[in-house]
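Thanks for coming. I have one model to show today, and I will go through its interfaces and its ligand.

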Amino acid sequence: MIARPPASDLAGDLAPAPVAPAILLAGVVKRYGAHRALAGVDLQVQRGEKVVICGPSGSGKSTLIRCINALERHDGGRIVVNGIELTGDEGTVQDIRQEVGMVFQHFNLFPHLTALENCMLAPQLNRGLSKAQAEKLAMAHLERVHLADQARKYPARLSGGQQQRVAIARALCMEPRILLFDEPTSALDPEMVKEVLGVIEELAASGVTMVCVTHEMGFARRVADRCVFMDRGEIVEEGGAQDFFDAPKSERLRHFLAQILR
Amino acid sequence: MNALPIDLDLAWESLPALFDGLMVTVFLTVLPLIIGLALAFPICFARMSSRRALALPAETFVVFFRGAPLLILLYLVYYGLGQIEALRNGPFWIVFGSPFGCAIVALSLNHAAYMVEVLRGSLLAVPHGIVEASEALGITRRNIFLWVRMPLALRYGLKAYQNEVVSFVKGTAIVSVVTITDLMAVANSIFEQTYDPFTPILCAAAFYWAFVNLIRVGFTFWGGWLNRHNAEDVAMPGPGRLALARLAGRAKVMP
Amino acid sequence: MTNLSLADLAGYLRQLGEGALITLELFFASFTLAFVLGVLIGVVTLSRNRFIRAAWRVYASVFMGVPSLLVIFLIFYGGSAMLAAVLGEFGARIDISPFGAGVAALGIVYAAYIAELVRGAIENLPKGQFEGARALAIPPLIMWGRVILPQVMRLALPGLVNVWSFMLKETPLVSLAGLQDLVAAAKIAAGATKEPFLFFVATALLFIAFSAASLWLANRLEARLDRGQRRAPVRSSAQAEA
Ligand SMILES: Nc1ncnc2c1ncn2[C@@H]1O[C@H](COP(=O)(O)OP(=O)(O)O)[C@@H](O)[C@H]1O
Ligand SMILES: [Mg+2]
């Protein structure tokens, strides 16, 4: 591990951006014991921006996006989401999570609820929607992921691709302004990757802010405003998709791209 | 010695008394099951707490009331608590002064201790990712417990719960030592009057068997209904099933 | 607080000690019986014979469906008559002691649980185990004794530990048939000294301590078996075929 200057020093110097970004990370540090999973990460995501993050396994991609909605608590630096700074306070965490939807690699659907009920649960509990209102909302979003006809099925009855689309609809039902994806297609069989990426692309067109961890280069080229390469807990390189993939500047990114293309 | 060990006339005559005994057994099953379960929840939360000051007393409770034979617990409550002056003069003497009260207290504590472990194992079997997904949706911890963790834990722990309930029912047969005339006690007293070693006890056995199997059937239906979402393929993810196998090993003897 | 003299206490402790020995004897005897019977029954009832299977189901259902205490009373009160029916005049003269009734009852009841564990473990063995042994032309008795059963025991160990500690907690039931065991001694001491709380808590702690000690041993045994299993050549060769 290369020694780095204490990241928290950087945070104080940061001038406020002219338009408040959707996500602001400044010198974010996350430790697991002695190991630094995030070693001072600075990242700003503007409203409506689509950011793709890639990097080798264990480089801290999941940790990074899990810090954004406080599934992991960061140990240093600042995280500001939609103008709300993440502190240890439980209320702030709850506020931020209302604004941020997340889709996981392994779907994590509620196995005891139907696709529809999966989507209805959070709106009913968090926003106090009636059953009828929640059902209407859930159906609308299931429609959006092209699963209205599977609404009454339990997750065990759905294919992996369908499950992941239900998970996306479930996140959408909270009508978040920011969507986080952690390798949404890497647990899927190849033939199902396309249907899920297709749905995410359609969402991207709707103007929502997106941070997506993925190694799907075609998807990144079509959707990403910016690509970010992480290695060993830090952001090594970032840029537009074109330059990023075709003219990588750093040796580490070149090496990484050579590996995933093989 | 005739070929059939059962005296049918005696069996017929004993039926009403045995049935009354069965009702006492049912009563001494249902009430402690409710009280024990109600106790088990807070104790389980304490046991799973990261604060030592909560976890340690809860663990001690479980070790003692699960590790001590039920008969000793019953003696302890029935004979031992009477020693405590404050208790004897206090308002709770209505409970601790009566055999029924003592039996219910001892049985409930025993059941609670077992249920803490059943609950804990079932809650731990709930896949972490599913809880995380709920957190990410902004659902509060209380609601996650009520709507996600508990419903899933119930499904994962139902078998262990059934085992505990069945072995609990059989465990109630000792209450005659504190002068309660449950099913076992009725059978014993008929034996003492008639010196027929088979008829009353075998009849009682039939009653116990029927009661226990009624419970089993009930649980089977309950489980079928709960698991309607994966009637054909198993939806339970790997880690959950693993934890459950461990849980099954930890619960009382399997039926 | 206590009004016990030291000499009295020593006397009661001696009685408790004697009772504890009887409890331990009862426990070991019944567990041994249950184990031997259980393994035999478990192996035999895997037979495809319909009658053997039906008999197993009846046996398991009956003894898992009634309280152990009831079985203890049944054998204690009715054992002589049962023996007379089986052995004739000679059997009728055998007196059933509480100890004998306890061992027989607990043995028969828990044999059912152990048989179930053994059956489950055998069914979970990879098929290659049997085929491997057969391919090597190992005689059946040696196959069972040296190849199958050791692995079955390893698989069944957690369940056996469970039966062990549960059975231990049921041994006090035999005191209700008149056995002068630990619990009976504690009850006498509690009554005579008017210190029931002390004696019953102490007795409970003895049970807990014994249970904890055996669990600790079982965990070590399990760890050792798991380690040995990785090296055992028989298993790995058989597994390759599975
Ligand atoms: N809960 C945890 N406990 C300890 N170490 C962890 C934990 N989660 C992640 N890590 C470590 O942090 C580093 C980054 O992990 P992660 O963010 O999951 O990487 P990626 O998603 O890029 O593969 C890895 O070295 C991983 O081992
Ligand atoms: Mg990851």
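I will start with how the chains meet, then turn to the ligand.

First, the conventions. This is a predicted model, in which local features need pLDDT of at least 70, side-chain atom pairs count only at pLDDT 80 or more, and totals for chains, interfaces and linings use all residues. Residues are numbered from 1 along each chain as its sequence is written, chains are lettered from A and ligands numbered from 1 in the order in which they are written, and side-chain values use heavy atoms, with hydrogens and water left out.

Which chains share the most contacts? Of the two pairs of chains in contact, that is B and C; contact here means heavy atoms within 4.5 Å. Chain A and chain C are joined by no contact, and their closest C-alpha atoms lie 26 Å apart.

Take B and C, then. On the chain B side 44 residues are in contact with 39 residues of chain C. The buried area is about 3,600 Å², with carbon and sulfur atoms giving 76% of it. Buried area is the accessible area, taken with a 1.4 Å probe, that two parts lose on being put together, summed over both.

Several helices of chain B supply at least two residues each to the side that touches chain C, among them α2 (52–67), α8 (141–171) and α10 (199–226). The largest share, nine residues, comes from α10(B). Helices (H or I, at least four residues) and strands (E, at least two) are DSSP runs, numbered from the N terminus. By class, this side of chain B has 32 nonpolar, seven polar and five charged residues. Ala, Val, Leu, Ile, Met, Phe, Trp, Tyr, Cys and Pro count as nonpolar, Asp, Glu, Lys and Arg as charged, and the others, Gly among them, as polar.

Now A and B. Here 24 residues of chain A are in contact with 25 of chain B, and the two chains bury about 2,200 Å² between them, 61% of it on carbon and sulfur atoms. Across this interface the rule finds one salt bridge: A:Arg66 and B:Glu132 meet through their side chains at 2.6 Å, N to O. There are also six residue pairs in polar contact, both at pLDDT 80 or more.

Last, the ligand. What surrounds ligand 1? The residues around it, each with a heavy atom within 4 Å, include A:Tyr32, A:His35, A:Gly60 and A:Lys61. The shell divides into three nonpolar, seven polar and one charged, and α2(A) gives the most to it, with three residues. An oxygen atom of ligand 1 lies 2.8 Å from an N or O atom in the side chain of A:Lys61. For A:Gly60, a backbone N or O atom is 3.0 Å from an oxygen atom of the ligand. The side chain of A:Tyr32 has an N or O atom 3.4 Å from a nitrogen atom of the ligand.

That is the end; questions are welcome.

Technical notes. A polar contact is a pair of N or O atoms within 3.5 Å; within protein, one must be able to donate a hydrogen and the other to accept it, and residues adjacent in sequence count only if both atoms are side-chain atoms. A salt bridge is a side-chain nitrogen of Lys or Arg within 4 Å of a carboxyl oxygen of Asp or Glu.
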